[in-house]
Amino acid sequence: MMNGSELKIWRLNHSEPTEACEAGFSPVAWGAESAGGCLDALQSQLTDLMSVSTSNSAFAAVRLGGRVTTWGSRYCGGDASDILHQLNDVTTVCSTGASFAAIKNDGTVVAWGADYAGGDTSHVQERLVNVTKIYSTAAAFAALKADGTVVTWGSEYAGGDSSKVQRQLVDVVDITSTGTAFAALKSNGHVVAWGDADWGGYTDRVQNRLWGIKKVFCTGSAFAGLRGDGTVVTWGCDYAGGDMGDVSSEIKQVKTIFANRYSFAALRYDGRVLTWGLDSCGGAVGEAQSRLVEVQHIYSTNSAFAALCADGHVVTWGDELAGGDSSAVNGELQCITGVFSTERAFAAIKSDGSVVVWGDPDGGGAAGAVQGQLVDVETIFSNASAFAALKTDKTLVVWGDDASGGDASQVQDMLVRIRSVHGTRRAFVALKSK
């Protein structure tokens, strides 16, 4: 199982809050009770949810009027009772692995959860004004203010202490994070990093090359800065993508970069894909290279990649047990329109609405008894080890690890009129219209 820092990086719906809905919705939860899979008495009260954010094992929902309701593990922010009176007029909630931070309409911030992971803002509270966006590592927050400056708090080992670079944190336009380090992109194309030196918080060896950067990407412990001229600068953990090694001379004319926890995959303008990082986890393409033609997008589990090509076929590589080997379903991987992932499995939607799955069977790589129900699928949601497919009739089909939300039999009759689904590591909550 992965810890909170690993989840922060590789569950894409982990720290990013959902967009606010135009009307209030009701929630249905299932999965591990300790991870937010049970609403109990809250079920009948919550009819006005607008958006949902998740930590490792807790949910935080913004309600109509800007109030916030939490549930799940109290060790991960599931209990906000001590500061509930402050949680009003909230617009956005963000998270680390074990805490939440809410931005209010006036630009101030309220945080709760584990103190070590960003739940305590007491030493920076007076500076948390005019905040426009909050970013996070596994255990620290970085708030970007309207004037382009940054305020950090949380674990000093995970980027919560930016004092050594504070004077450089001006004119910041975006922030990217590994598990324990931040990298701030400034308006002039320069980058400032801080946090765990081994995981990207130290840039001295490449600082003179960190100019002209237009976007920063990350694996779990390394950064890659894409320059406007299509070249790339990397730093952080060497084996997880911080060192481009033998492909460094070929990394040019890069259009964009994709990543999993251990490796990077760069897509060039000529359609070629170049990889680096841990070979067994996608850092080496191997025989799949010849099939990577006209690649449109690259998806990832923790340790494997799946490339969607222009003609609708999919090419995979990396950890064979985590989706890197799709040989058993290659004949079905045609006419694919979208690919989704858990930590160790992929699920692809075909143009006819059917679904193809592969990877670790215990992590969603086998649909089993529900395979026949996977028709007319619109989109797929996931947590660490389970999938939830939304069909055109707004019902859900789930599979994967039963204890992590792969079994919704106890609430199946409630899973109608579904609009969206959100996951902690081991539980789901679905928002349904009235």
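Q: What makes D48 and R67 a salt bridge?
A: The closest N and O atoms of D48 and R67 are 2.8 Å apart, and a salt bridge is a side-chain nitrogen of Lys or Arg within 4 Å of a carboxyl oxygen of Asp or Glu, so the pair qualifies. The model is predicted: local features need pLDDT of at least 70, side-chain atom pairs count only at pLDDT 80 or more, and totals for chains, interfaces and linings use all residues. Residues are numbered from 1 along each chain as its sequence is written, and side-chain values use heavy atoms, leaving out hydrogens and water.

Q: Why is the D48–R67 pair said to tie together parts of the chain?
A: D48 sits in the loop between α2 (42-45) and β2 (49-54), and R67 in the loop between β3 (58-63) and β4 (68-72), so the pair joins parts 19 residues apart in sequence. The elements are DSSP runs numbered from the N terminus (helices H or I, at least four residues; strands E, at least two). D48, R63 and R67 are linked in a network of salt bridges.

Q: Why is D48 called buried and R67 partly exposed?
A: Buried means under 20% relative accessible area, exposed over 50%, and partly exposed in between (1.4 Å probe, protein chains only). D48, at 10%, is therefore buried, while R67, at 40%, is partly exposed.

Q: What makes K215 and D174 a salt bridge?
A: Their closest N and O atoms are 3.7 Å apart, which is counted as a salt bridge. K215 lies in strand β14 (residues 213-218) and D174 in strand β11 (residues 172-177), so this pair ties together parts 41 residues apart in sequence. With 35% relative accessible area K215 is partly exposed; with 19% D174 is buried.

Q: How do you know that K394 and E378 link distant parts of the chain?
A: K394 forms a salt bridge with E378, with the closest N and O atoms 2.9 Å apart. K394 lies in the loop between β27 (386-391) and β28, and E378 in strand β26 (residues 377-382), 16 residues apart. The structure holds 11 salt bridges.

Q: Why does M414 count as partly exposed?
A: Its relative accessibility is 29%, so M414 falls in the partly exposed class. M414 is in the loop between β28 (396-400) and β29 (418-423). Contact means heavy atoms within 4.5 Å; leaving aside neighbours within four places in sequence, M414 is in contact with V28, Q43 and K432.

Q: Why is the pair F141 and W153 called tilted?
A: Rings of Phe, Tyr and Trp (its six-membered ring) pair if their centres lie within 6.5 Å; planes under 30 degrees apart count as stacked, over 60 as edge-to-face and the rest as tilted. The count by this rule is 10 aromatic pairs. The centres of F141 and W153 are 5.2 Å apart and their planes are at 35°, so the pair is tilted. F141 is buried, and so is W153.

Q: What is the mean pLDDT of the protein?
A: The mean pLDDT (the predictor's confidence in each residue, from 0 to 100) is 93, and 95% of the residues reach 70 or more. Over residues 1-21 the pLDDT is below 50.
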